[in-house]
Amino acid sequence: MRKLSGILTGMAKHPSDALLGENNIYEVENLSKAYGETRVLKNVHFRLGKGEQIAIMGPSGSGKSTLLHCLGGVDKADTGRLYFEGNDLQTMDSTSIAGLRRSRITSIFQFFYLLPTLTVRENIAFPLQLLGLKGKTRKDQVAEMLAHVNMEPRADAYPNELSGGEQQRVAIARALITHPSVVLADEPTGNLDSQNGRRILELIQRLITEQGIALMLVTHSKEAAGICQRTWHMQDGHLQNKTPCQEAKS
Ligand SMILES: Nc1ncnc2c1ncn2[C@@H]1O[C@H](COP(=O)(O)OP(=O)(O)OP(=O)(O)O)[C@@H](O)[C@H]1O
Ligand SMILES: [Mg+2]
C-alpha cells in the first residue's frame, strides 16, 4: 500500500520534538481523567513503539475505552502529557486532531459504524475521498484493499446486506486504507461469533504486521489478546504495562 505522507500539512509539533523518541508512536505520561468525582484514568504512563501490537485487558469500567478515546483525540484527559508522533494531543486544536484522525490514527469498533448509504467500495474509499485523493490512484488503492480483506465479490453491496464478519472486514479495510501509524481497536470481535471473531483477528494481525502498523487492542478475550506481542492490564484506571503476552494466555 502506498504511503500518504505529505498529504497532511501544518500540524503543530511540540518544540521539544527532538527530545521525544523518534521511534515512538505514543508517549504518555501521568495521564489522568475524571468524570465528575469518578477518577477514570490514573497517572497512565507508557510508550508505544512503531509497529508494536498491544492488547489491553481489564474489568468492565476500568477505563479501557476512555483511554482509547484520549489516544484517538476524541476525548481529552484532564492532566498529563499525551504525544502522538511528537504532536501534543492535549493542546492541539480540534481541526488538527481531525486531520490526524483522517489518516494517521484510525479506529475499529465493536459495532462497525459503516456508512449505511454507501456501498462496500464507497465505504472503503471514503477516507481517501476526505484526503482529496482522486481518480485512478484512489480506485487502485481501494481495489487493492478490497482484495486484502477478500471483499471483492461484495464490493457493490450495502452494509445492511452483509454479515457481521463481512461488515467488520470492510471496517478494517476502511481503517487501513490510509496506511495509518496506529489502529485503535475497541473490542473488534465483541459482536461476532467465535469462528468469525477468530477470522477477523487473523486478518487484523496479518494486515497490521505486513504494513508495520501499531495496534492497541482493547479486548475481554485472552484469545484476542494473543494476537498481540504484549498484554497490558487496566485496573481501576491504572495501566499495568509490564506483563508479557504469554502470561495473559496462560
Ligand atoms: N461520558 C461519560 N460520562 C460519565 N462517565 C463516563 C463516561 N464515559 C465513561 N464513563 C465512566 O468511566 C468509567 C470507565 O468507562 P470505560 O468505558 O472507559 O470502561 P471500559 O473499561 O471500557 O469498560 P467496558 O469493558 O465495559 O467497555 C466507567 O465507570 C464509566 O461509567
Ligand atoms: Mg469499553
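What share of the contacts in the protein chain with a separation of 6 or more is accounted for by residues 24 or more positions apart? The figure is 71%, where two residues are in contact if their C-beta atoms, placed from the backbone, lie within 7 Å. Before we go on, note that this is a predicted model, in which local features need pLDDT of at least 70, side-chain atom pairs count only at pLDDT 80 or more, and totals for chains, interfaces and linings use all residues. Residues are numbered from 1 along each chain as its sequence is written, while chains are lettered from A and ligands numbered from 1 in the order in which they are written.

Let us begin with the overall make-up. The protein chain holds eight helices and ten strands; these are DSSP runs numbered from the N terminus, with helices (H or I) of at least four residues and strands (E) of at least two. Of its 250 residues, 42% are buried. A residue counts as buried if 20 or more other C-beta atoms lie within 10 Å of its own, as exposed if 12 or fewer do, and as partly exposed in between, with C-beta atoms placed from the backbone.

Now to the sheets. Strands of a sheet pair through backbone hydrogen bonds, either parallel or antiparallel. Here, two strands are taken to pair if DSSP finds at least two bridges between them. One open sheet has four strands in the order E2-E1-E4-E5, with antiparallel pairing. E2 and strand E5 (87-88) stand at its edges with a single partner strand each, so one side of each is left without a neighbour in the sheet. Strand E1 (residues 24-35) is joined to E2 by eight bridges, and leucine 31 has valine 44 in E2 as its bridge partner. E1 and E2 form a hairpin with two residues between them, and glycine 36 in the turn has a positive phi of about 60°. Five bridges link E1 to strand E4 (residues 79-84), again running antiparallel; here serine 32 is the bridge partner of threonine 79 in E4.

The other sheet to visit is open too, with six strands in the order E6-E7-E8-E3-E9-E10 and mixed pairing. Its edges are strand E6 (105-109) and strand E10 (238-240), each with a single partner strand, so one side of each has no neighbour in the sheet. Neighbouring strands of this sheet are turned by 20° against each other on average, direction ignored; the axes are lines fitted to C-alpha atoms, for helices over the stretch in contact, and angles run from 0 to 180 degrees between N-to-C directions.

Follow E8 in this sheet. Five of its five residues are buried, so E8 is largely enclosed by the rest of the structure. In a regular strand the side chains alternate between the two faces of the sheet. In E8, Ala214, Met216 and Val218 point one way, and Leu215 and Leu217 the other. Strand E7 (residues 182-186) runs parallel to E8 (residues 214-218) and is joined to it by five bridges. Along this pair, alanine 185 has leucine 217 as its bridge partner, and aspartate 186 stands opposite valine 218. Strand E3 (residues 53-57) also runs parallel to E8, with four bridges, and isoleucine 56 is likewise a bridge partner of valine 218.

Next comes helix H5 (residues 164-176), whose 13 residues reach 18 Å from first C-alpha to last, close to the 18 Å expected at 1.5 Å a residue; that expected span is 1.5 Å times one less than the number of residues. Ten of the 13 residues of H5 are buried, so the helix is largely enclosed by the rest of the structure. Its buried residues pack against E6, H3, helix H4 (135-148), E7 and helix H6 (194-211). One of the buried residues is Ala171. Alanine 171 lies 9.6 Å from phenylalanine 111, C-alpha to C-alpha, although the two are 60 residues apart in sequence. Phenylalanine 111 is found in the loop between E6 and helix H3 (120-130), and is partly exposed, with 13 other C-beta atoms within 10 Å.

Finally, turn to ligand 1. Around it stand Tyr35, Thr38, Val40, Gly58, Ser60, Gly61, Ser62, Gly63, Lys64, Ser65 and Thr66, a residue being near a molecule or strand if its C-beta atom, placed from the backbone, lies within 6 Å of it. Strand E2 (38-49) and helix H1 (64-71) each supply at least two residues of this shell, and H1 gives the largest share, three residues. By class, the shell has two nonpolar, eight polar and one charged residues; Ala, Val, Leu, Ile, Met, Phe, Trp, Tyr, Cys and Pro count as nonpolar, Asp, Glu, Lys and Arg as charged, and the others, Gly among them, as polar.
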